[in-house]
Every structure is written in structure tokens, then in C-alpha cells.
2 protein chains.
Amino acid sequence: VGGAVRRFGQLINVKPDRIDEYERLHADPWPEVLDQIRRSNIRNYSIYRHADLLFAYFEYIGQDFAADMTAMAADPVIQEWWARTDAMQDPFPERTPGDWWLTIPEIFHTD
Amino acid sequence: VGGAVRRFGQLINVKPDRIDEYERLHADPWPEVLDQIRRSNIRNYSIYRHADLLFAYFEYIGQDFAADMTAMAADPVIQEWWARTDAMQDPFPERTPGDWWLTIPEIFHTD
């Protein structure tokens with residue numbers, strides 16, 4: 001309440017032969033994963049797909065993004081989820097070191 | 001209030017030699033364009049760019065999307081805006097006939 005929302009747009013590729021598996025997993029995500037996303041102050045998180053390109057949009061409502069991401073990465077269920085999903089993805093080489101998805105700039109916004 | 005929100009993810013290409021012009025225009029959008037977006041019940045509209053790929057995310061809060069889009073297309077300022085922006089874009093051939101941006105499926109969402 002009262003804090004600024006930070007919006008994120010991110011890209012990654014999904015391996016063409018893992019698209020079906022990736023979509024099935026995300027159609028029925030593990031509740032613990034959704035809980036940790038929420039605890040890490042992420043809201044309104046959507047992933048879209050076109051061919052082998054995935055686009056993620058989410059909003060961060062917390063005060064310490066780095067700390068909230070560290071907490072997410074420390075969650076054992078998140079680690080298991082990422083072990084599965086990372087194997088289905090091909091990240092962009094130009095992503096920020098330490099990131100998995102490539103964060104891309106917002107060039108327009110209206111509330 | 002009380003209505004369901006429809007989320008949209010859309011793609012289009014920007015012509016490589018028009019990227020700067022496109023971004024300058026969207027950094028300082030015409031107020032009448034923002035007003036018509038709002039009147040057409042679009043909210044939380046963001047555009048992201050990576051290389052020549054543009055990704056749009058927006059939320060529709062109205063009850064008649066087709067009617068609201070028809071109203072948008074009938075607005076003379078919107079028509080002038082689109083005349084400018086269409087010339088800077090290369091749409092995806094597989095878009096829905098009558099559309100300009102390609103609407104792509106959402107494969108994951110959590111509030």
C-alpha cells in the first residue's frame with residue numbers, strides 16, 4: 001500500500017521439443033511455487049508464448065527486490081521447480097550475469 | 001468493479017531504422033491517445049522492446065471488447081497516431097485478419 005510498483009518484462013526461449021511439457025507444468029503449477037512468488041512480493045505474473053519465445057510480465061510490490069529474489073532462490077521447492085524449467089529453456093546470452101530470463105526495457109506505459 | 005479482467009499479450013516488429021523514432025513517440029505520447037485508451041477500457045498498458053521485437057501487455061476491464069475497439073478505431077486522433085506508428089512497424093503475417101498486432105496465448109498466470 002502506497003509503494004511504487006515496478007513492472008518487469010522478460011524473455012527466454014523454450015526448447016521446441018519441450019513446449020508441451022512446459023505448458024502442462026505451468027497450467028497446473030505447484031501451490032508452493034505460487035506461495036513463494038507471493039511471499040517474494042511478485043504480483044500479476046503472466047507468461048505468454050509465441051513459437052519458442054516466452055514473454056513474462058510481472059509486478060514487484062516490495063521494497064527490496066534483491067532480498068526477495070534471494071529468498072525465492074533459497075526456497076527448496078522453487079529450486080526443484082527451476083531445475084525442471086531451466087532444463088526446458090534456452091536463455092538469451094545477453095542476459096544480466098546471474099539472471100536466467102533476459103529483462104527488457106519498457107518503452108511505453110499508461111495506467 | 002466486479003468485472004473480470006481480460007489480459008492480452010501481443011507482438012509486433014518495429015522497423016530497425018525506426019526504433020529511435022518509435023521510442024521517442026512513446027516516451028511522450030499524445031494525451032488524446034491515452035484518453036481514448038482509457039475510454040476504451042484498457043488499463044495497465046505497457047510495451048517492451050528487445051531488438052526489433054515489441055511486446056505489449058494490457059488489461060481490458062470493459063464488457064464489450066469489440067465495441068470498445070471499434071470506438072478506438074473511429075477516433076481521429078487514434079487514426080493519426082496509428083498512421084504514424086503503423087509505418088514504423090512490420091506486423092506478423094499470422095495475426096488474426098483485421099488485427100495489427102499478433103495476440104499470443106497466455107500459458108501461465110498468478111495474481
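A polar contact is taken here as a pair of N or O atoms within 3.5 Å, of which, within protein, one must be able to donate a hydrogen and the other to accept it. By this criterion, in the predicted model, 24 residue pairs are in polar contact between chain B and chain A, with both residues at pLDDT 80 or more. Salt bridges, by contrast, number zero between chain B and chain A.

The side of chain B that touches chain A draws at least two residues from each of β1 (6-14), α1 (19-27), α2 (31-39), β2 (42-50), β3 (53-60), β5 (102-104) and β6 (106-110) of chain B. Of these elements, β2(B) provides the largest share, eight residues. Classified by residue type, this side of chain B comprises 20 nonpolar, seven polar and nine charged residues.

In terms of contact, 36 residues of chain B meet 36 residues of chain A. The size of an interface is often expressed as the accessible area lost when the parts come together. For chain B and chain A, the area buried between them is about 3,100 Å², and 64% of it lies on carbon and sulfur atoms. Within chain B, the residues that lose the most area to chain A are Y48(B), I107(B) and F108(B), which together account for 28% of what that side buries.

Strand pairing also links the two chains. Strand β6 of chain A (residues 106-110) pairs with β2(B) in the antiparallel sense, over four bridges. Within β2(B), Y48(B) is the residue opposite which E106(A) stands; Y48(B) is also among the three residues of chain B that lose the most area to chain A.

Conventions:
Residues are numbered from 1 along each chain as its sequence is written. Chains are lettered from A and ligands numbered from 1 in the order in which they are written. This is a predicted model: local features need pLDDT of at least 70, side-chain atom pairs count only at pLDDT 80 or more; totals for chains, interfaces and linings use all residues. Side-chain values use heavy atoms; hydrogens and water are left out. Contact means heavy atoms within 4.5 Å. Buried area is the accessible area (1.4 Å probe) that two parts lose on being put together, summed over both. A salt bridge is a side-chain nitrogen of Lys or Arg within 4 Å of a carboxyl oxygen of Asp or Glu. A polar contact is a pair of N or O atoms within 3.5 Å; within protein, one must be able to donate a hydrogen and the other to accept it, and residues adjacent in sequence count only if both atoms are side-chain atoms. Ala, Val, Leu, Ile, Met, Phe, Trp, Tyr, Cys and Pro count as nonpolar, Asp, Glu, Lys and Arg as charged, and the others, Gly among them, as polar. Two strands pair if DSSP finds at least two bridges between them.
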